[in-house]
Amino acid sequence: MSMGILRVWQRNLDVYRQNWKISFMPPLLEPLLYLAAFGVGLSGLIGEVPYGAGKISYLTFIAPALLAINIMNNAFFENTYASFVRMYYQKTFAAMMATPLSVEEIITGEIVWGATKSVIATAIMMVILTIFNLIHYPTGLLLIPLAFCGGFAFGSMGMYFTGIVFHIELFNLPFFLFITPMFLFSGTFFPLEGMPPWPQMLATALPLTHLVDLTRGLCYGSFAKSVPLALGYVLLFSLIFYPLALIKMRRRLIK
Amino acid sequence: MWEPIVEALQISKTYGELVAVAEVSFAIARGECFGSLGPNGAGKTTTIRMIYGFSPLTAGVLKVFGLDVSRHARAIKARIGVCQQDNTIDPDLTIIQNLTVFARYFNIPRPLAVRKADELLRFMSLDHRSHSRALELSGGMVRRIVLARALINQPELLILDEPTTGLGPQSRHQVWERLDSLRRQGLSILLTTHYMDEASRLCDRIIIMDQGRILVQGKPSELIREHIGKDVLEISSPATDLRAYIHLQKMAFEDLGDRLLVYGDHDDHLYRYISNRFCPEGCVMRTATLEDVFLKLTGRGLRE
């Protein structure tokens with residue numbers, strides 16, 4: 001089983017290595033753009049935001065959130081659009097299925113690859129944030145395994161959608177209904193503490209909220225007591241969507 | 001010795017109400033080239049998809065290398081090579097990478113994979129395009145790459161789903177030559193095709209399927225002799241008195257309205273008699289082919 005997963009992963013790595021010069025640009029440039037727009041531009045207007053007992057600069061507040069968003073986006077994009085193209089247009093999965101690889105190995109390899117994309121993007125972004133002194137070490141190093149866990153959760157969710165959409169255009173729906181609201185309302189750009197109870201509860205249901213909690217804890221080197229809960233919620237998402245993705249993809253590929 | 005490499009016993013596949021394959025039985029011997037023919041929707045592709053595990057059986061027993069496909073899919077897939085109908089060449093990789101990455105799925109060590117890939121690309125006359133991408137190549141070349149890739153694990157059984165559909169005459173002959181050479185090396189082959197000349201040329205034995213069932217099976221030459229005869233007399237715009245004559249003589253024929261096909265082992269005498277007496281515009285006598293068998297058995301209606 002595990003060997004097959006590695007084989008699928010290696011195929012994607014081989015392709016990535018050919019295009020790495022282009023692939024590594026977005027995670028390098030995107031945080032720079034965000035830091036410029038929100039950190040420098042908005043910071044002046046906002047000043048400091050309350051965090052825990054004290055106050056922190058707006059730049060410090062959003063930097064870990066950008067990491068979490070990056071983790072979500074990379075895996076989710078990879079296991080929706082990119083996996084769908086491989087499955088539907090390039091027939092890559094069909095070719096793999098005629099070899100000793102099983103559907104489960106192919107799909108798991110894809111999700112692990114999606115999580116790997118999250119890890120690569122996180123590592124690149126950490127370089128930038130470290131230069132701006134926005135990550136506390138050594139706790140910051142734990143961002144790497146966290147990126148894998150988060151990537152696996154969001155990748156599994158993406159792969160589940162890949163298992164059910166009829167057409168590539170339909171991915172607009174999960175992006176519009178899940179990814180964009182999470183991007184905006186997971187305590188990413190403004191603290192949830194000041195909000196009324198019901199938006200707070202809604203935000204608590206979103207997995208990104210918990211991932212943001214975790215990246216903040218690691219970036220600041222200060223762990224809130226909610227860490228086990230947040231980590232548990234991210235893992236729960238994997239536990240739900242990974243088997244669902246396998247079931248839906250098996251149903252889609254084996255007829 | 002007749003050693004079965006594939007054994008299908010009463011295998012069926014249904015999708016809800018639709019019966020794709022209905023209690024089909026056949027066996028393929030080691031070293032044999034076995035063809036599966038039939039109109040669109042006959043169940044050919046479904047049958048071979050069952051062999052490589054894409055379609056679980058609804059009923060019946062299917063064994064490859066003596067192993068049950070429902071329990072030993074991985075072991076079986078390690079020993080077969082498959083050329084699917086769709087182009088499954090990976091456009092993200094170069095041609096040589098397509099082969100070496102594929103070899104890795106079989107856990108073939110890299111040095112061996114590279115050597116084997118080079119050898120296969122030479123065999124397919126593609127060694128000069130090793131570093132091209134699939135999108136830059138012609139349909140015939142792509143098909144040869146698919147074939148090369150299917151051979152990377154030195155399979156004991158090669159499965160080809162319409163290996164030459166959509167190819168020009170030169171490309172088809174290129175593919176056939178390679179398949180001939182593989183056959184001479186003793187490789188067992190199972191292929192589906194729409195082309196009767198392909199089946200006649202390549203296959204030791206064929207089955208003709210329609211609506212999920214096998215209509216006939218046997219050697220192409222024997223099927224022709226059995227169902228058609230030696231020759232076919234083809235008469236366009238047949239006159240009424242000719243029809244009467246043929247009825248009277250109790251000849252095997254098919255009436256297509258504007259054309260009459262008379263089957264049998266005719267001699268020149270009969271041909272001359274009919275052509276002089278009934279066909280002032282002339283008629284044609286030709287050798288019977290597998291296509292005659294196919295159309296006689298599966299009918300001439302469109303299958304869409």
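How many residues does the contact take from chain A and from chain B? The contact takes 23 residues from chain A and 30 from chain B, where contact means heavy atoms within 4.5 Å. This is a predicted model, in which local features need pLDDT of at least 70, side-chain atom pairs count only at pLDDT 80 or more, and totals for chains, interfaces and linings use all residues. Residues are numbered from 1 along each chain as its sequence is written, chains are lettered from A and ligands numbered from 1 in the order in which they are written, and side-chain values use heavy atoms, with hydrogens and water left out.

Stay with the interface. The size of an interface is often given as the accessible area lost when the parts come together. Between chain A and chain B, about 2,300 Å² is buried (accessible area, 1.4 Å probe, lost by two parts on being put together, summed over both). Carbon and sulfur atoms give 54% of that area. The two chains share 4 salt bridges (a side-chain nitrogen of Lys or Arg within 4 Å of a carboxyl oxygen of Asp or Glu). Asp90(B) and Arg11(A) meet in a salt bridge through their side chains, at 2.7 Å from N to O.

Now take chain B. Its mean pLDDT is 88, and 97% of its residues reach 70 or more; pLDDT is the predictor's confidence in each residue, from 0 to 100. Helices (H or I, at least four residues) and strands (E, at least two) are DSSP runs, numbered from the N terminus.

Chain B is assigned domain 1 (4-224) and domain 2 (229-287); such bounds come from an automatic or database assignment. The centres of these domains of chain B, taken over C-alpha atoms, are 40 Å apart.

In chain B, 4 strands form an open antiparallel sheet in the order β2-β1-β4-β5. Strands pair if DSSP finds at least two bridges between them. The edges are β2 (18-29) and β5 (67-68) of chain B, each pairing on one side only. Strands β1 (4-15) and β4 (59-64) of chain B pair over 5 bridges. Here Val6(B) stands opposite Val64(B). Helix α1 (44-51) of chain B packs on the sheet and touches β1, β2 and β4.

End in chain A. The loop between α6 (103-131) and α7 (143-164) of chain A holds Pro138(A). The peptide bond from Tyr137(A) to Pro138(A) is cis, with omega near 5°. Asn133(A) lies in the loop between α6 and α7 of chain A, and its phi is positive, near 60°.

Terms used
Axes fitted to C-alpha atoms, helices over the stretch in contact; angles between N-to-C directions.
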